[in-house]
Amino acid sequence: MAYPGYQGGYGGYGGQQPQGSFGGQPPQGGYPGQQPQGGYGAPPQMMGMPGINPETQRIFQVVDRDRSGKINAEELKGALVNGKGQNFSDTACRLMIGMFDQDHSGTIDINEFDKLYNYINQWLNAFKSYDRDQSGHIDEGELSSAFQQMGFRFSQDFIRFLVHKSDPKNHREISVDQFIVLCVQIQRFTEAFRQRDSEQKGIIQISFEDFISVALSCST
């Protein structure tokens with residue numbers, strides 16, 4: 001089984017994730033859905049938490065609508081809007097909560113949210129850099145360039161397949177939440193492939209059961 005993006009190494013995601021600010025000035029189309037303003041003072045137990053930026057604490061309070069001290073995927077979804085003016089998908093929000101939910105409770109606390117906060121900012125700014133025409137979405141050409149910058153060399157047919165998979169209705173463009181899901185899934189498959197490619201040749205032999213286990217684990 002050959003890896004189509006193989007170039008003697010594996011694409012990475014760390015190098016193309018510039019820092020930014022959650023709720024900062026968005027490009028045309030806008031990415032962060034909630035840019036909280038006004039006096040949403042944090043409750044006493046959250047004020048001045050060591051190691052947590054006060055702005056992060058303030059945003060956490062706005063997203064935490066039920067004031068439980070935890071944020072679930074539904075609350076996160078209500079705080080994020082993609083460039084099409086739609087809330088982030090359930091899939092994207094569950095995926096991002098799950099990545100930082102250390103106790104597997106389905107929710108994240110302020111410390112876990114601090115990590116998610118930075119993670120989302122990185123992806124928002126990366127997406128802006130790939131969205132060359134600042135339309136709020138990326139098309140086939142922009143997606144191809146994005147993966148090339150990440151270190152992948154995918155065929156145009158495969159890029160088209162990714163766009164069609166992400167945008168099954170129009171087959172034309174990918175929003176920021178779809179982009180995050182797509183990149184995380186490809187990263188997971190890449191890591192699983194690399195673990196099995198002991199000789200770093202870009203080709204592996206894999207049993208049917210192992211293939212199924214990789215597919216199921218990388219898609220959740």
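S144 counts as buried, at 11% relative accessibility (buried means under 20% relative accessible area, exposed over 50% and partly exposed in between, with a 1.4 Å probe and protein chains only). S144 sits in helix α5; helices here are DSSP runs of H or I with at least four residues, strands are runs of E with at least two, and both are numbered from the N terminus. This is a predicted model, where local features need pLDDT of at least 70, side-chain atom pairs count only at pLDDT 80 or more, and totals for chains, interfaces and linings use all residues. Residues are numbered from 1 along each chain as its sequence is written, and side-chain values use heavy atoms, with hydrogens and water left out.

**Around S144 and F154**
- Setting aside neighbours within four places in sequence, S144 touches Q156 and I159, where contact means heavy atoms within 4.5 Å.
- F154 is found in the loop that links α5 (140-150) to α6 (156-166).
- F154 is buried too, with a relative accessible area of 11%.
- F154 and S144 are ten residues apart along the chain, and their C-alpha atoms are separated by 7.3 Å.

**The whole protein**
- There are eight helices and two strands in the protein.
- Going along the sequence, they come in the pattern α-β-α-α-β-α-α-α-α-α.
- Of the 220 residues, 45% are buried.
- Take the contacts between residues at least 6 apart in sequence: 61% of them join residues at least 24 apart.
- The accessible surface is about 11300 Å², and carbon and sulfur atoms account for 49% of it; such areas come from the Shrake-Rupley method with a 1.4 Å probe, and for residues only the protein chains shown count as cover.

**Where α4 meets α7**
- Two packed helices are described by the angle between their axes and the distance between the axes.
- For α4 (residues 110-130) and α7 (residues 176-196), the axes come within 10 Å and cross at roughly 105°; axes are lines fitted to C-alpha atoms, for helices over the stretch in contact, and angles run from 0 to 180 degrees between N-to-C directions.
- On the α4 side the contact uses Y119, W123, L124, F127 and Y130, and on the α7 side V176, F179, I180, C183 and V184.
- By class, this contact has ten nonpolar, no polar and no charged residues; Ala, Val, Leu, Ile, Met, Phe, Trp, Tyr, Cys and Pro count as nonpolar, Asp, Glu, Lys and Arg as charged, and the others, Gly among them, as polar.

**What covers α3**
- Helix α3 (residues 90-100) has A92, C93, L95, M96, I97 and F100 as its buried residues.
- Their cover includes β1 (71-72), α2 (73-79), β2 (107-108), α4 and α7.

**Positive phi values**
- Most residues other than glycine have a negative phi.
- H104 is not a glycine, yet its phi is positive, near 55°.
- H104 lies in the loop between α3 and β2 and is exposed, with a relative accessible area of 70%.
- Q200, also not a glycine, has a positive phi of about 55°.
- Q200 belongs to the loop between α7 and α8 (208-218) and counts as partly exposed at 36% relative accessibility.

**From the UniProt record**
- An unreviewed UniProt entry places "domain: EF-hand" at residues 51-86 and 118-153; positions follow the numbering used here, feature names are shortened, and annotations may be inferred rather than shown by experiment.
- Residues 51-86 are 47% helix and 6% strand, with end C-alpha atoms 33 Å apart.
- Residues 118-153 are 67% helix and 0% strand, with end C-alpha atoms 28 Å apart.
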